[in-house]
Amino acid sequence: MLLASPSLDVIGVCAMDNKARSKPMRNILNRLFSFGEFETIIFGDKVLLDEDVENWPGCDFFISFFSSGFPLDKAIKYVKLRKPFCVNDLPMQKILWDRRLVLSILDSINVPTPQRLIASRDGGPSIDLEVLEKLRKNTGLIKLKLCGQAQLKLIDYDTINVDGQLLKKPFVEKPISGEDHNIHIYFSKEMGGGGRRLFRKVANKSSEYDPDLFEPRTDGSYVYEQFMYTDNAEDVKIYTIGPSFAHAETRKSPVVDGMVRRNTDGKEVRYVTKLTPEEKKMARDISLAFGQTVCGFDLLRVNGKSYVIDVNGWSFVKGNDDYYSNCARILRTIFLNAVRKRKVSIDSIPKELRYENSWRLKSFISVFRHADRTPKQKMKFSFRSQPFINLLNDGTEEVILRTQNELFQVLDATQKAIEQSFEDRVKLDQLKLILDMKRELPGTKVQIKPSYKKESGEFEKLQLIVKWGGEPTHSARHQSRDLGENLRKDLLIMNRGVFDDVKIYTSSERRVSTTAEIFARNFLDMEDISEEIIQIRKDMLDDSNAAKEQIDTVKSHLSILLKPGESSQIEFGWPKDMPEPRIVVQEIIESLKNFRDIMRQNFASMDVEKIQPRWCCSENPILFKERWEKLFKDICDVDRHKFDPSKLSELYDSLKYDALHNRQFLEKIFTDQSDTKNARKIKNLYQRGKILFDFVAPQEYGIEDSEKLQIGLLTSLPLFKQIIEDLEVAKITFELYERNHNVSGSDKEYSLRVAFSPGAHDPNILDMRLDARHCLNVAPRKNLTDHLPLDEALSYYKRKLDNPRMAAVEEQLLLMHHNNHHNPTPQMQYDTLRLSKSF
């Protein structure tokens, strides 16, 4: 473990992990590190929630702020105990919980706010004497009025009376709790009546109109503000860093239509704006009055005047490097000034609570999928004739042909079979056409799998599978690079010592190994990566057929749920507000039939070459049409009782790919020029396709817990064992923490936490604003477990491995790997069957 230098001051970040390790915080802390004057300790959820404050680590500077789940009272107690320099005043953060207090303070410092009435039904705001004294000092606020039970009457549709004071619609109704974002806006009859419900953003929505919303709530205390018509229908978000710096951004007001425009980070699209001198003064006064060096507040601009409507406390700007640099620069100056004035040094902290003996990240194990790829496609054929048998080169096992010369041999065999009329001519013509068009594309390959009669072992037939696509796109470079850079910044603030020993394993698939190489260069900040760091492990990470029988059984069950006429209670992975899966499948089929007709009509009537001037990933209009025609055929033209659930994954794959890389062509070629609502139909297809994909894809690896465990062990046993072994010395992440609670070094404790990221997906991709990268960024990790004692976690995992049947499983998996995933001989088929039944 890397120890803190005695000359470095320690910055303690005391916030919930999802905030302390967020992308903005990582960017700020890494810039602070670059000065070479500071170390950091992330207190972490385990310390905050499980430890007494007397056991919290010591620090010189204290960055701490409230968010959901944060124990603010414990943090205040810690400050009183250890007396670090605080960036933001902690007791004053309680003020932000009550909108009435916030508005009273804004009044006292002469910051304009909208006209308002307050209906208090809880006796009025309460405040600690300590905080009240600070308010008197900072703002001149002398006392707060006690309130009786407010009387609110709806005089007519447009007017309310609160304790004798009138307010006409439109007005805004806010709960007094600053943490409650369920805000209503009531419109007058002249405006059409009804109201709009505002809420925390859900997917791409932040509000919705309700024609029946006209009567104010009476179930609590509320603030009623006159609705204001903002300039350009925009809100302004302002972020302070001390009294002398403020950054401002505009966003579309949620009142407009409730739709949120997002960028590829999944963040709301905002635009930097300049502040007026009056607004800069507001920012200064608010930062000082509330005691919040880093602070955010909301502002409305109306006819050239500005009004503050909310103060949020600690807030981050997203994705702005200038802001991060300014924040680090200003905080550094603040910290250095505090060092010269401080009365309490970290040297007075007990040794067992020093930086080097606190809970620190010891090990980080993560399993990733590959980055963005082109849609995978394949066609299967069965042949028995000699030209194709010759492609086995006298072998008896599966062969994979990839090179241009090898693919030309397949084309030559196909031509010979046509000339000699050995096979079905339709199939041969189809295979020849595919090879003519695809053999020069990256990633095209042919798998030839011979099969034999079980009784005699004689050759029966061979299956020829042509696969193309599945290659890394240009956005894969950006995804891999960004993931590496972001994870590096995260681990640098957790413990730079973890970079002393790094191992990266990859499968042999080109899209995976390419992802691994780009990721490694950026994660390690190295141009050249040695083979010792990245190792290809086919046995551990390549696809395995070990669970084929179990997966086929699960797919059969899923097929039943999607068949017409089948009605069953879905208890897993299905939205409650959606019709049954079988109904949604039928709706998608009908939509696809309509889009097929539109596409064919537009190809016949348009100059399709001019729709999209630039194509990426080796595509063009003809290949686009061919890919979608195959999808239409596989989904629309099959018997519904024989519907293949895996085709839903292919549909989502193509929809997502085209929404990212060919959106212009997708929206134009699938648009009926006479139907103005057709764009909405494309979005609806994507959303329903994603819902079905989210339902089907995870369940293909087991519906019941026992199936998931069985299939998981069969497909991932070598990987699972490697993780357990590494812990003892995808998307899934294991974080191992260590604390040396005894300065003699003999009392080390270990804690484990497991996290998961859903990867790079978005339910509203067609509403997303894309740049030239065509890249979705990877979603942040979410914790699957609390912190677990390492011994308990390992004991649980080892019990899964100690099953006597696992030895047979492992033996057969090793055998299958040894044969390099070739098509099994009769004996290997028997062994695989025995392996499957060993469960």
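**Close-up views of a predicted model**

**View A. Salt bridge between Asp-634 and Lys-647.** In this predicted model, a side-chain N to O distance of 3.5 Å joins Asp-634 and Lys-647 in a salt bridge. The pair links distant parts of the chain, with Asp-634 in helix α17 (residues 621–636) and Lys-647 in helix α18 (residues 646–661), 13 residues apart. Asp-634 and Lys-647 are each buried.

**View B. Salt bridge between Asp-298 and Lys-237.** The closest N and O atoms of this pair are 2.7 Å apart. Asp-298 belongs to strand β17 (residues 294–302) and Lys-237 to strand β14 (residues 234–241); 61 residues separate these distant parts of the chain. Both residues are buried.

**View C. Salt bridge between Asp-50 and Lys-46 within helix α3.** The closest N and O atoms lie 3.8 Å apart. The two residues are four apart in helix α3 (residues 44–50), about one turn of the helix. Lys-46 has a relative accessible area of 18% and is buried.

**View D. A network of salt bridges.** The linked residues are Asp-17, Arg-21, Asp-45, Asp-490, Glu-735, Arg-753 and Arg-781. The salt bridge count is 53.

**View E. Cys-616 and Cys-617, without a disulfide.** The closest cysteine sulfur to that of Cys-616 is in Cys-617, at 3.7 Å, which is too far for a bond because a disulfide requires sulfur atoms within 2.5 Å. Cys-616 is buried at 15% relative accessibility, whereas Cys-617 is partly exposed at 23%. Zero disulfides are found in the whole structure.

**View F. A nonpolar surface patch.** Leu-433, Met-437 and Ile-622 make up a patch of about 270 Å². Met-437 lies in helix α11 (residues 425–438) and is partly exposed, with a relative accessible area of 32%.

Notes
Residues are numbered from 1 along each chain as its sequence is written. This is a predicted model: local features need pLDDT of at least 70, side-chain atom pairs count only at pLDDT 80 or more; totals for chains, interfaces and linings use all residues. Side-chain values use heavy atoms; hydrogens and water are left out. Buried means under 20% relative accessible area, exposed over 50%, partly exposed in between (1.4 Å probe, protein chains only). Patches are made of residues with over 30% relative accessible area and no salt bridge: like charges are joined within 9 Å, nonpolar side chains (Val, Leu, Ile, Met, Phe, Trp, Tyr) within 5 Å. Accessible areas come from the Shrake-Rupley method with a 1.4 Å probe; for residues, only the protein chains shown count as cover. A salt bridge is a side-chain nitrogen of Lys or Arg within 4 Å of a carboxyl oxygen of Asp or Glu.
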